[in-house]
Amino acid sequence: MSTDPFILEVNGQSHEVADAHPGESLLRVLRERLRLPGSKNACEEGECGSCTVLLDGQTVCSCLVLASTAVGRQITTIEGLSGDGGLSHVQQAFVDAGAVQCGFCTPGLIVSIGSLLESDPDPSELAVREAISGNLCRCTGYGRVVEAVHLAATRGGGSK
Amino acid sequence: MTDLATSERTVAPRIGENAPRPDGVPKVVGAFAFSSDLHHDRMLWGGTLRSTHSSARIRSVDVSTAVAVTGVHAVLVSDDVPGQKVFGLEYRDQPVLAGDVVRYEGEPVAIVAADHPEAVRMALEAIVVDYEVLVPVVDPMTVEEAEPVHPDGNLVRRIHLRHGNQDVVGDVQVEGTYEVAMQDQAFLGPESGMAVPADDGSIDLYVATQWLHSDRDQVADCMGLDPEKVRLTLAGVGGAFGAREDLSLHVHLCMLARHTGRPVKMVYSREESFHGHVHRHPAQMWYRHHADRDGTLVRVEAHLILDGGAYASSSSAVIANATCFAAGPYRVPSAEIDGAVVRTNNPPCGAMRGFGAVQVCFAHEAQMDRLAGALGMDPVALRLQNALVPGDELLTGQTIKGTAPVAEVIRTCADHPPGASMAVDPLELPGGAGRTADPEHVVRGEAFALGFKNLLFSEGFDDFSEASCRLAGGVATITSACAEVGQGFVTLAQQIAREVLGVDEVVLLPASTAGIGSAGSTSASRQTWMSGGAIQEACGQVRAQLLEHLAAEHGVDADDLVIADGRVVSMAGGFEVDLAKATTEPIEASVVFRHVPTLPLDENGQGNAHVSFAFSAHRAIVDVDVELGLVKVVELTTSQDVGRVLNPLQTVGQLEGGAAQGVGLAVMEEVLVQEGRIRNPSFTDYLVPTALDMPPVEIAALIEQAEPGAPFGAKGIGEAPSISSTAAVAAAIRNATGLDLPRVPVRPTDIVFPGGTA
């Protein structure tokens, strides 16, 4: 019942996935097989954005991507956004602006916002709200999240 | 004069400052372990078979095929519950697993453990339940004459509140019937956890919850174990909002772990989560307000029916709140409120942010607007004229002894200049990205609403929180079982310890039942006061011990010593010691903190049942496409009575987030229930406000009047924002459309076909 082993490139590292069921989503493989649980599992039907990752630089809901179809593509998760250099601008802005409460939506939001600032380094408030409208947050009402995006933009946006 | 700017030492933020969350960095890098992130190398996966009927007798459950599925380690049913077969927050009336009857759709019937989630799914599908399907009891209005849903009967609680002279009649009367639909807490982190069996027969349960010790006691009883044999540790909580106050998978996990001898992990799907926790009670409400011609309220009558669903949960406390606060924060000398919460075969309802006050606020604020209309008065002026002040009596006859800055809340919010301009981008119009709205058909409306509720537990409940503090080497270590659910108590706990002890480094030990007594529930806006109070007192005792020790050791007066900048200093001079070197032995103190006692309500719903109250106001501006029935909430302005701001950023976060849940209930959030079945158990069909649905929240004022008895004078702030926001948005839609709109959420058909014909 399991698939042949396959290789996923996640955050610049190669991971072999063995014994996966054919139907396993990228989210499940990241979380349960590769032990990268930063991408979250709030709805698992593409509505909440908490599982957002980058696939070749594009934001996707990893719950809607079959893991085996991500072979040969560059996958970036929340765990890949902060390196030895510390937090990214967006991550630091989330801390500083009070955009974190329970934190369950936070990884997906940070991936989405990083992607937004890459393409639009100084977005209007409406552009920010549209860009994150696929990421549900139940705690903040989005006020501090929008604030965090503007803070990150003033500090250099998605460049780091 | 001290010039703080010249101080070279960086002091960690204390009370009143924007201290950063200690869990902030782990949460932004994806390293914070939520309950669904738990892992154990030997773990099995658990799953739950749920009733497909809202009312049925179970003739038999056949698990023979399921146990034969490859990878399955256990399939357990009601007979396998080792101890008490029922659990419950206030009454133990809910089966751990359904035995001979199911009372709501989604009720757990059997549980499975297997080595892969796919094997769990196959085993659950292989279980054969033979149901004799019954006609569900679903209408809360007629339920008291219906067949009993449960051996405890169909009435969970009725409160017949009578206050003042019952013969009073007002010159002006307005009457209305109102309805609030079922709301889901919709926390993002699904129910999840892991049970790990120990060799000595004890069990460790790691779970996301609001009240570790209440869970522990219920789990222990259901497992037939002594409480000390069940250790609960808080796993990372992805939001709660009331939905984690009751048990969900707790006992199931422990049963599977004990049966298999292996760690077992379970994570609900979103669909399962909609069935796996209680919701906000739907409410049907009739009101009649009486006033003199000058606008003075003289009497309020109301009938309240809340649908509690199949099991009691916290329904009896919810109806108490709805009844006690039925008239809003106004002076009402005469009242008759008949509040009942009933049992049906609908999904169980219980705690959600605002807890009974949300439903009645929607109704009493609609009534106040209606009364203002009948009197030809300005709605804000009518509210100001009747606003409670300290010393006034509530409907319960209780005199408000603490702060009640109701007029200040009203004035600051109403006087705040509106900032919303007209929509320019189609995205900002009602309907948003659908681009369906015709600007020609868009009408703007504005309205105001006021609400309040109690803080802390009421009606004589022995409400307490235990905390301990240990000071060693200049580092304070705090132990508390308070559940951090996202609200930021962990930040406040550090700020309080720093403030009292003058230390910079504060370590918070994990919240667990193993190391300390109960902190009570993270609900009722109570933890800042209760666990904050316990930490403040524990730190205060440590501080006193430290200063007495130093005074004795160095022959100085303890009253002359102060802690400043990491040093203990004699004000008279001559003595100074680094806090880190002040003692060689650790200093410890443990405190059980209680608020002033309350009393039960008497047979007339009278009594000093509550401790303290928080008041909030919202002004909403909405744009409505009257042709399509689409609503865009353009701006929300709020003022709130907060006692004292302990952390400005976290305060703003609570006010914004609470308002968002209120906006959701006003215009989009409804658990659709037909014949007891949830029709929309997904985020595709149950709509939670997105960043485009949610307007900016303008905070007109945080009214700071120190509340007596509260640590640092701070009131709990979490619930008030969810109370008046719904009422304000609904009223603004009324203002835009001229319609009655007696029901929330306001649906497009309510606006386009107000007569009810579609």
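Visitor: Which strands of chain B form the open sheet of seven strands, and in what order?

Guide: First, the ground rules. This is a predicted model, in which local features need pLDDT of at least 70, side-chain atom pairs count only at pLDDT 80 or more, and totals for chains, interfaces and linings use all residues. Residues are numbered from 1 along each chain as its sequence is written, while chains are lettered from A and ligands numbered from 1 in the order in which they are written. Helices (H or I, at least four residues) and strands (E, at least two) are DSSP runs, numbered from the N terminus. Two strands pair if DSSP finds at least two bridges between them. In chain B, the order of the seven strands is 3-7-1-14-11-12-13, and the pairing is mixed.

Visitor: Which strands are at the edges?

Guide: Strand 3 (72-76) and strand 13 (230-234) of chain B, each of which pairs on one side only. On average, neighbouring strands in this sheet are turned by 20° against each other, direction ignored. For angles, axes are lines fitted to C-alpha atoms, for helices over the stretch in contact; angles run from 0 to 180 degrees between N-to-C directions.

Visitor: In which sense do strand 1 and strand 7 of chain B pair, parallel or antiparallel?

Guide: Antiparallel: strand 1 (residues 44-50) and strand 7 (residues 108-114) of chain B pair over six bridges. To find the place, look for B:Gly47, which stands opposite B:Val112 in strand 7 of chain B.

Visitor: Which strands does helix 3 of chain B touch?

Guide: Contact comes first. Two residues are in contact if their C-beta atoms, placed from the backbone, lie within 7 Å. Helix 3 (residues 117-126) of chain B packs on the sheet and touches strand 1, strand 3 and strand 7 of chain B. Its direction makes about 30° with that of strand 1 of chain B. Helix 5 (residues 250-260) of chain B lies across several strands, including strand 11 (192-197) and strand 14 (264-267), and runs at about 35° to strand 11 of chain B.

Visitor: What is the order of the open sheet of four strands in chain B?

Guide: The order is 20-28-29-32, with mixed pairing. Strand 20 (442-455) and strand 32 (697-703) of chain B are the edge strands. Strand 29 (residues 630-641) of chain B pairs with strand 32 of chain B in the parallel sense, over six bridges. B:Gln640 is opposite B:Leu702 in strand 32 of chain B. Helix 10 (residues 406-415) of chain B packs on this sheet, touching strand 20, strand 28 (612-625), strand 29 and strand 32 of chain B. Helix 13 of chain B lies across strand 28, strand 29 and strand 32 of chain B, at about 140° to strand 29 of chain B.

Visitor: Where does chain B meet chain A, and how many residues take part?

Guide: 52 residues of chain B are in contact with 43 residues of chain A. Helix 13 of chain B gives the largest share of chain B's side, eight residues. For residue classes, Ala, Val, Leu, Ile, Met, Phe, Trp, Tyr, Cys and Pro count as nonpolar, Asp, Glu, Lys and Arg as charged, and the others, Gly among them, as polar. The side of chain B that touches chain A has 26 nonpolar, 17 polar and nine charged residues.

Visitor: Why is helix 11 of chain B largely enclosed?

Guide: Count neighbours. A residue is buried if 20 or more other C-beta atoms lie within 10 Å of its own, exposed if 12 or fewer, and partly exposed in between, with C-beta atoms placed from the backbone. Twelve of the 13 residues of helix 11 of chain B are buried, so the rest of the structure largely encloses it. Among them are B:Phe489, B:Leu492 and B:Ile496. The cover includes strand 21 (464-472), helix 12 (527-554) and helix 13 of chain B. Just after helix 11 of chain B, B:Gly502 takes a positive phi of about 75°.

Visitor: How is chain A divided?

Guide: Domain bounds come from an automatic or database domain assignment. Chain A has domain 1 (6-79) and domain 2 (89-159). Their centres, taken over C-alpha atoms, are 21 Å apart. In the contact, 13 residues of domain 1 of chain A meet eleven residues of domain 2 of chain A. Strand 3 (residues 52-55) of chain A gives the largest share of the domain 1 side, three residues.
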